[in-house]
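Have a look at the model first, then read on.

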Amino acid sequence: MPHPDVMDKLVSLCKRRGFIFQSSEIYGGTGSVWDYGPLGVELKKNVKDRWWHAMVRSRDDIEGLDAAILMNPRVWEASGHVSGFTDPLVDCKACKARFRADKLEDARCPRKPSRRPGEHTDCQLTEPRQFNLMFKTFMGPVEESAAVVYLRPETAQGIYVNFLNVQQATRQKVPFGIAQIGKAFRNEITPGNFIFRTREFEQMEMQFFVDPNGDHMQWFEFWKAQRMAWHASLGLQHDRLLFHQHSPEELAHYARAAFDIQFDFGGGLGFQEIEGVHHRGDFDLGRHQEYSGKKLEYFDQPNNRRFVPFVIETSVGADRTTLALLANGYREEAVPGEDEGRVVLGLHPSLAPIKAGIFPLVKKDGMPEFAAKLAGELRPHFPVFYDESGAIGRRYRRQDEVGTPFCLTIDGETMLNGTVTVRDRDSLRQERIAADAVRDYVSARVGNG
Ligand code: GAP
């Protein structure tokens, strides 16, 4: 069950423990832009590593790519973003707030939050106008319209324009895919809910190129299943994940079929999209062929025919997945035999930013030296945290709160026989193992799941 106030709890925990900070906080912040602190950067990196491992490293039919953020502006004309990547916007002349015209039902009047925009007597809403979500900037020293370039609003287009480069360089045969992880930017009108909808975010996208005369719907079903299984493998609870099929009204004009994978974030947000799996037909390659004047056909040598492949896309947000994992893992619980409860971040061990906390029971009798030496030996293999300050219970709780799966305690018995206790974050069970077996013990349990 999601915690009812989970978002407020997470914002506070993430700041306090160094996962996520508001961008430019000392200047009052930047709207819906966030910085990842020491633990957050590790968590998000682990999410990206899990994706890269599943989508690129463990498959022989997907190649990796890292395309530039800045692209020729014609790319965005061809993709339809210049003319169509818009939201209808209304302004309130009275309070200067902006709302999405198609989401007024869900919005609140800033002056009277119990009312919707337009329901308060002072509200003066303008007519809706289309607002393009792409950020613009200028290439070169002159700020003129000919020099306009865009910050990419999705990473996918970098893959389409490199389709033949990658195919020819790798000699992959259709069906095959190209995957990349990278930043995307959208000037969202109504961002919010912490890192759920932000103006700068990271996407993990894969475009799978298939034969239009072949089994493309089977590939679509294959990728739907694969992607759902991946989210479950991260530890997201099964009953908090579902597919949402796009209705004909929701379906983008180029899409033949589309499903969102939704996660139940709880805390007022409920089920929301974390990933889209889209059957895009030949729209993208067809448009780039038309706008660039360059053929983007695949040559099927055995059958001596050329075709523009269909594309099955999987597109997931790294930040949104990170938020889902935080919301999924957050729990408050009583500790048997203790007055104080604990907060636990039940992250899958492969995702936890710190794999083991290392504590000397007391600051004497050689325990700190033993523990520091052990920490030094383990650090090259996985992230560890050495802590000798405060009561041992408090040190355990500090690690529970950031999701550390194991805590190793060096005590009097260690000094006699070289064994340490290993405490499991979730079961609270403790066992004694030889200090020189700790590396294998932890490594075996923090793998890719
Ligand atoms: N290339 C297809 C595409 O970009 P999308 O549904 O617009 O599709 C895919 O975005 C994923 O990117 C979403 O499911 C979400 O996880 C993430 N995403 C999109 N906009 C976002 C935003 N403003 N903030 C954070 N994540 C976002």
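Contact here means heavy atoms within 4.5 Å. This is a predicted model, where local features need pLDDT of at least 70, side-chain atom pairs count only at pLDDT 80 or more, and totals for chains, interfaces and linings use all residues. Residues are numbered from 1 along each chain as its sequence is written, and side-chain values use heavy atoms, with hydrogens and water left out.

**Phenylalanine 370 and its surroundings**

- Leave aside the neighbours within four places in sequence, and phenylalanine 370 is in contact with Ile410, Thr414, Met415, Val420 and Ala435.
- Phenylalanine 370 sits in helix α10 (residues 367–378); helices (H or I, at least four residues) and strands (E, at least two) are DSSP runs, numbered from the N terminus.
- With 26% relative accessibility, phenylalanine 370 counts as partly exposed; buried means under 20% relative accessible area, exposed over 50%, and partly exposed in between (1.4 Å probe, protein chains only).
- Alanine 179 is 191 residues away from phenylalanine 370 along the chain, and their C-alpha atoms are separated by 45 Å.

**Aromatic pairs**

- Searching the whole structure turns up 17 aromatic pairs. Rings of Phe, Tyr and Trp (its six-membered ring) pair if their centres lie within 6.5 Å; planes under 30 degrees apart count as stacked, over 60 as edge-to-face and the rest as tilted.
- One of these pairs is tryptophan 219 with phenylalanine 222, edge-to-face at 5.2 Å centre to centre with 80° between the planes.
- Those two residues are three apart in helix α7 (residues 216–233), so about one helical turn separates tryptophan 219 from phenylalanine 222.
- Tryptophan 219 is buried at 19% relative accessibility, while phenylalanine 222 is partly exposed at 29%.
- Phenylalanine 243 and phenylalanine 259 also pair up: their ring centres are 5.9 Å apart and their planes are at 85°, so this pair is edge-to-face.
- Because phenylalanine 243 is in strand β11 (residues 241–245) and phenylalanine 259 is in strand β12 (residues 257–264), the pair ties together parts that are 16 residues apart in sequence.
- Phenylalanine 243 comes out partly exposed at 32% relative accessibility, and phenylalanine 259 buried at 12%.
- Ring pairs also link Phe208, Trp219, Phe222 and Trp223 into a cluster.

**Charges over rings**

- A charge sits over a ring if NZ of Lys or CZ of Arg is within 6 Å of the ring centre and within 35 degrees of the ring normal.
- Lysine 224 lies over the face of phenylalanine 243, 5.0 Å from the ring centre.
- Arginine 423 lies over the face of tyrosine 396, 4.3 Å from the ring centre.
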